[in-house]
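My entries follow in the order I made them.

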Amino acid sequence: MLRRTLLRATSLAPLLAPGLSALATLAIAQNYPQRPVRLIVGFPPGTGPDVVARTLGQRLAETLKQTVVVDNVAGAGGQIAAQQVAKGTPDGHTLLLGEVGSISIAPATHRKLPYQPAKELAPVSEIVRADFVLVVPPNAPYADVASLVAAARADKQKFNFATFGAGTPGHFGAEIFASRSGFQIEPVHFRATGDAITALVSGSVQAAFVSTALAAPQIKGGKLRGLATTATRRSALLPEVPTFAELGLADINFSAWFAVFAPAGTPEPVLDQLNRDIVAAVQSPVVRKQLEDAGFTVLGTSRADTQRLLHSEAQRWAAVAKATGFQID
């Protein structure tokens, strides 16, 4: 009798397992969050991603009714942070503020990336976007995009473009612009944003694509000259600077985006709750104003829309990487 009972229980186990798993998932979702939520950002304090993470985290703590700790895990252009979350426990208590470089560009440029964004990270919501402006030193001999292109074409040497790191949107954006305009560039990669700005102001490099928020004070202060922005419409921070689209270069329209991710395998109800709370936080009047004042375009998208963004961006930057031949071992 005992043997038959044990055999019967054993035979029922595979049938009961999915139900037990569903119950466990439901219990996690109903009790979420059970402890402080860690929002990891892959860049140092005071940078654009850090500003987004802290602005979001403060409001999200109110909607989740739980502490949100912003943790700066800087290094490798955000890749260390992305890897940490990709390998993290999928329970919704460890999140990533990811960005285009570590999520969409790195897989196309790194032969041995230690994480797979498409498989190991679950997108929750796109938070903001940041457009770029093409800037040159204040004493540069070109006052607009047309004269810069003419000078670059006439120069027998490659045009020096400062970047904030190899494989970043600013780097690839410069490659796109040069290819579209018929000249070649020599990327000059800087580790620190401040060093790149200093080089631009001094004229030791000839141009760069800089985020509008970062460049606006330098342009208004006369330290840099803005020629065109990559936005679809003129920036409120730089209303006097035309867009590339206005100049007939509508394909120069790249931007940096920031989105929240959780480890793949995080329960669907938890991801849905996070999306609702994050969207509510981002679109609240106070948070929206703070982010817009910092130069960002505020979004707060659905999970499905965020997934579509990642798919299209992966294809886009893979094509750019292939066209440029840029690879990192």
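Predicted model: local features only at pLDDT ≥ 70, side-chain atom pairs only at ≥ 80, totals over all residues.

Entry 1: F254 sits in the loop between β8 (225-229) and β9. I then asked how the rings of F132 and F254 are set against each other. Their centres are 5.3 Å apart and their planes meet at 40 degrees, so the pair is tilted. F132 belongs to strand β4, and 122 residues separate the two partners, so I noted the pair as a link between distant parts of the chain. F132 is also buried, with a relative accessible area of 7%.

I checked V128, which is found in strand β4 too. V128 counts as buried, at 0% relative accessibility. From V128 to F254 I have 126 residues along the chain and 14 Å between the C-alpha atoms.

**Entry 2: the other rings.** How many aromatic pairs does the structure hold? I have 14 on the list. F159 and F161 form one of the tilted pairs, with 5.9 Å from centre to centre and 55 degrees between the planes. Both F159 and F161 are buried. These two, with F132 and F254, belong to one aromatic cluster, which includes Y142, F177, F183, F209 and F244 as well. I also looked for a charge over a ring and noted R316, which lies over the face of W317 at 5.3 Å from the ring centre.

**Entry 3: the largest pocket.** I turned to empty space next. Rolling a probe the size of a water molecule over the atoms shows where such space is left. The largest pocket holds about 1200 Å³. Its lining counts 47 residues, and those nearest the centre are F43, P49, F164, T168 and T193. Which element gives the largest share of this lining? That is α4, with six residues. Elements that supply at least two residues each include α2 (48-64), α4 (100-109), β4 (121-136), β5 (159-163) and α7 (169-181). By class the lining of the largest pocket splits into 25 nonpolar, 20 polar and two charged residues.

I105 lies in helix α4. I105 is buried, with a relative accessible area of 0%. I took its separation from P36 as well: 69 residues in sequence and 31 Å in space, C-alpha to C-alpha.

**Entry 4: the second largest pocket.** The volume of the second largest pocket is about 620 Å³. I count 25 lining residues for it, with D131, A231, T232, R233 and T297 closest to the centre. Two or more residues come from each of β4, β9, β10 (297-298) and α12 (303-324). The largest share, four residues, comes from α12. By class I have ten nonpolar, eight polar and seven charged residues in this lining.

**Entry 5: helix α7.** I checked the length of α7 against expectation. The helix has 13 residues and spans 18 Å from its first C-alpha to its last, close to the 18 Å expected at 1.5 Å a residue. Is α7 largely enclosed or open? Ten of the 13 residues are buried, so α7 is largely enclosed by the rest of the structure. The buried ones are P169, G170, H171, F172, G173, A174, I176, F177, A178 and S181. Of these, F177 is also in the aromatic cluster. Just after the helix, G182 takes a positive phi of about 85 degrees.

**Entry 6: backbone exceptions.** Most residues other than glycine have a negative phi, and most peptide bonds are trans, so I looked for exceptions. Which peptide bond is cis? The one from Y32 to P33 is, with omega near -5 degrees. P33 has its place in the loop between α1 (2-30) and β1 (37-41).

K65 is not a glycine, yet its phi is positive at about 60 degrees. K65 is found in the loop between α2 and β2 (68-72), and it is exposed, with a relative accessible area of 71%. A76 is not a glycine either, and has a positive phi of about 55 degrees. I placed A76 in the loop between β2 and α3 (79-86).

Conventions: Residues numbered from 1 in each chain as written. Heavy atoms only, no water. 1 Å grid on protein atoms, 1.4 Å probe; cavity = no way out; pocket = protein on both sides within 12 Å on 5 of 7 lines; lining within 4 Å. Points joined across faces, edges and corners; volume = space filled by probe spheres on them. Nonpolar A, V, L, I, M, F, W, Y, C, P; charged D, E, K, R; others polar. Expected span 1.5 Å × (residues − 1). Buried < 20%, exposed > 50% of the residue type's maximum accessible area, 1.4 Å probe, protein only. Phe/Tyr/Trp six-rings, centres within 6.5 Å; stacked < 30°, edge-to-face > 60°. Lys NZ or Arg CZ within 6 Å of the ring centre and 35° of its normal.
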